[in-house]
Amino acid sequence: IVGWTWDEGPWVSVDTLYGQSVTELQIDGLSYGIPVMLKGATAGGTVGVGIRPGRFTLGVGVRVAATWFERSFPEQTIDAQQLLTVAPGLDLRGGVRAGRFEAELDIRAHYLPYVEDGIDQGVGFTELALTAGYRF
């Protein structure tokens, strides 16, 4: 995560995240699960405003993120399914400073609207980051 912040007032943040997991897809009527690998990557940016009451920092911002998802089925002959989209979201953060050192908890929530088979759908997802840094 790369960010530019001021003690109080506006801040800007640019970030990238990647993650993957292996799980099982459960389908009604099947007595077993189908192994599936899930991958995701996000590149986003946030613009917000913050306050600094004492040693603490609090901030809120709006963000936009380009997000790529993939699911593949290692034990099946099915091709991997991929999705690349842009999702708007909100960013809430809070932190504490000790001299030039700081620790911050950042919670980001996104909502991805989409249409499937002519029906409006949507899915929400969140990101949680705990960061530590040194202020120059």
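Student: How much accessible surface does the protein chain have, and what percentage of it belongs to carbon and sulfur atoms? After that, please take me closely through the part formed by strands E5, E6 and E7.

Tutor: This is a predicted model, and in it the accessible surface of the protein chain comes to about 9000 Å², with 62% of that area belonging to carbon and sulfur atoms. Of the 136 residues, 29% count as buried, and the radius of gyration is 19 Å, whereas a compact globule of 136 residues would have a value near 14 Å. Along the principal axes, the C-alpha atoms fill a box of roughly 60 × 30 × 20 Å. The secondary structure consists of seven strands and zero helices, and the part you ask about includes strand E5, at residues 81-98, strand E6, at residues 101-116, and strand E7, at residues 119-134.

Starting with E5 and E6, these strands pair in the antiparallel sense over 10 bridges, and Leu-92 stands opposite Ile-107 in E6. The two strands form a hairpin with two residues between them, and in its turn Gly-99 has a positive phi of about 70°. E6 is also joined to E7, by 16 bridges and again in an antiparallel run, with Glu-102 standing opposite Gly-133 in E7. E6 and E7 likewise make a hairpin with two residues between the strands, where Asp-117 takes a positive phi near 55°.

Methods. Residues numbered from 1 in each chain as written. Predicted model: local features only at pLDDT ≥ 70, side-chain atom pairs only at ≥ 80, totals over all residues. Heavy atoms only, no water. Helix = DSSP H or I, 4+ residues; strand = E, 2+ residues; numbered from the N terminus. Rg over C-alpha atoms; globule rule 2.2 N^0.38 Å. Buried < 20%, exposed > 50% of the residue type's maximum accessible area, 1.4 Å probe, protein only. Areas by Shrake-Rupley, 256 points an atom, 1.4 Å probe, with all protein chains shown as cover. Pairing = 2+ DSSP bridges.
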